[in-house]
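My entries follow in the order in which I made them.

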Amino acid sequence: MRSMWKGGISFGLVMIPVRLYAATEQKDIAFRQVHRVDGGRIRFRRFCSVCGEEVPYEDVVKGYELSTGEMVVLDDEDLADLPLPTTKSIEVLHFAPAEQLDPILFNRSYYVEPETAGARAYVLLRDALEQSGRIAIAQVALRQRESLATLRSRDGVLVLETLLWPDEVRTADFPFLDQDVEVRPQELTMAASLIDSMTSDFDADAHHDGYREALVEVVDAKIQGRELTQPGALEIAAAPSTSLADALKASLAAAQQPSGASENGPKAKAIGDGAAKSGSTRNRATKAGTSKARAGKAGPDETGQDQEEPAKGKAGTSKARAGQAGDGAADEGSAGGGKAEAGRSGAKSGPARPTRRAS
């Protein structure tokens, strides 16, 4: 565990140096908000409602809105002088029987660990609380907010439990409280007998979160069925835009060579300069429509529209079609050298299937 507060317990004239650790955690299945189509995460940005600009985190401060709609802006300097004497101290106010505290006041629990120098005083306070059967009522400031708290012993460790202030507990004001609802003595007797028959010692380990367990099974079933979506990662271009332009020019020049050029001529389309990287860009032949372009075979001329594939690991894709004699599987130039292979001389005649390349 990682400590979230460091200070001391002020017990009369005794100061016990301690650290606080969050004693509880909520175990739940964490979900992300994603785009249904490609699984990309939805990100939220801070925009100012007045100027419409995105606001960096360091420029965000606290504001108190008046009833007139005006805003009082407060920064760290305005809050620095507020009275928080318990920022580094758990000040014990008095001791009280545990049964006098209404559980509705309990907020959050923290384990209290003693520093090496305060171990003896820590054990003394712990043992004294256990023997007295009482709890300590204290005040402490955590995360710039002062709260009431209790100190009690649990399994040999002091536990600090922050409490809500009394005015933070809402009043239960419901209409039925003002109604004269009659309960018959026989019904009350039967209800008491039912409570007796259902009474047993509380065992926390006997209870479990059935909903969370079922949710885990649903996620596991999705994983086993491989119904997964791998969102594409956006990569920033490492090379200048001219390198991509030079590569495209070299590819077009190679595709427009007389040997194997069709009457329709080559077509090349680049989508997004963000996919360009330093070094070479590797182009490979991919599927066109639903059929594969096979070397040495003639096929019907296809002039269908370009189709974009989801980008996986790259921001953009480029497509090039070149009608060539032969196998039509010319590997167009890379970003470094712009090499291209023209159609092979031994291939059968006939219009070549256009191929689509992704860079």
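**Entry 1: the first hairpin and its strands**

I began at the hairpin of S1 and S2, where 2 residues sit between the strands and Gly12 has a positive phi near 65°. This is a predicted model, in which I took local features only at pLDDT of at least 70 and side-chain atom pairs only at pLDDT 80 or more, while totals for chains, interfaces and linings use all residues. Numbering starts from 1 along each chain as its sequence is written, and side-chain values use heavy atoms, with hydrogens and water left out.

Helices (H or I, at least four residues) and strands (E, at least two) are DSSP runs, numbered from the N terminus. I count two strands as paired if DSSP finds at least two bridges between them. S1 covers residues 5–11 and runs antiparallel to S2, residues 14–22, with 7 bridges joining the two. I noted Lys6 opposite Arg19 in S2.

I then looked up the pairing of S1 with S5 (residues 89–97), which is parallel and has 3 bridges. Here Ile9 stands opposite Ile90 in S5.

For burial I used relative accessible area: buried is under 20%, exposed over 50%, and partly exposed in between (1.4 Å probe, protein chains only). By that cut-off 5 of the 7 residues of S1 are buried, and the strand is mostly covered.

**Entry 2: Phe11 and the aromatic pair**

Phe11 is in strand S1. With contact meaning heavy atoms within 4.5 Å, and neighbours within four places in sequence left aside, Phe11 is in contact with Phe95 and Leu125.

I searched the whole structure for aromatic pairs and got 1. The ring centres of Phe11 and Phe95 are 6.0 Å apart and the planes stand at 85°, so I logged the pair as edge-to-face. The rule is that rings of Phe, Tyr and Trp (its six-membered ring) pair if their centres lie within 6.5 Å, with planes under 30 degrees apart stacked, over 60 edge-to-face and the rest tilted. The pair links distant parts of the chain, with Phe11 in S1 and Phe95 in S5, 84 residues apart. Phe95 is partly exposed, at 37% relative accessibility.

**Entry 3: the nonpolar cores**

A nonpolar core here is a set of buried Ala, Val, Leu, Ile, Met, Phe, Trp, Tyr and Cys residues joined through side-chain atoms within 4.5 Å. The largest core has 20 residues, and Ile9, Val18, Leu20, Ile90, Val112, Leu151 and Leu160 touch the most other members. Elements that give two or more residues to this core are S1, S2, S5, S6, H2, S7 (134–142), S8 and S9 (157–163). S7 gives the most, with 4 residues.

Another core, of 6 residues, lies apart from this one and includes Ala96, Leu101, Ile137 and Leu148.

I also listed the contacts of Val112 beyond four places in sequence; among them are Arg19, Tyr122, Val157, Leu158 and Val159.

Glu115 is in the loop between S6 (106–114) and H2 (119–132). Leaving out neighbours within four places, Glu115 is in contact with Lys6, Pro17, Val18 and Arg19. From Glu115 to Val18 the C-alpha distance is 5.3 Å, across 97 residues in sequence.

Ser147 belongs to S8 (residues 145–154). Ser147 is buried, with a relative accessible area of 8%. Not counting residues up to four places away, Ser147 touches Ala138, Gln139, Val140, Thr162, Leu163 and Trp165.

**Entry 4: cysteines and helix H3**

How many disulfides does a search of the whole structure find? It finds 0, taking a disulfide as a pair of cysteine sulfur atoms within 2.5 Å. The sulfur of Cys51 is 3.7 Å from that of Cys48, its closest cysteine sulfur, which is too far for a bond. Cys48 is partly exposed, with a relative accessible area of 28%.

Last, I checked H3 (residues 185–197), which has 13 residues and spans 18 Å from its first C-alpha to its last, close to the 18 Å expected. The expected span is 1.5 Å times one less than the number of residues. Of the 13 residues of H3, 0 are buried, so the helix lies largely in the open.
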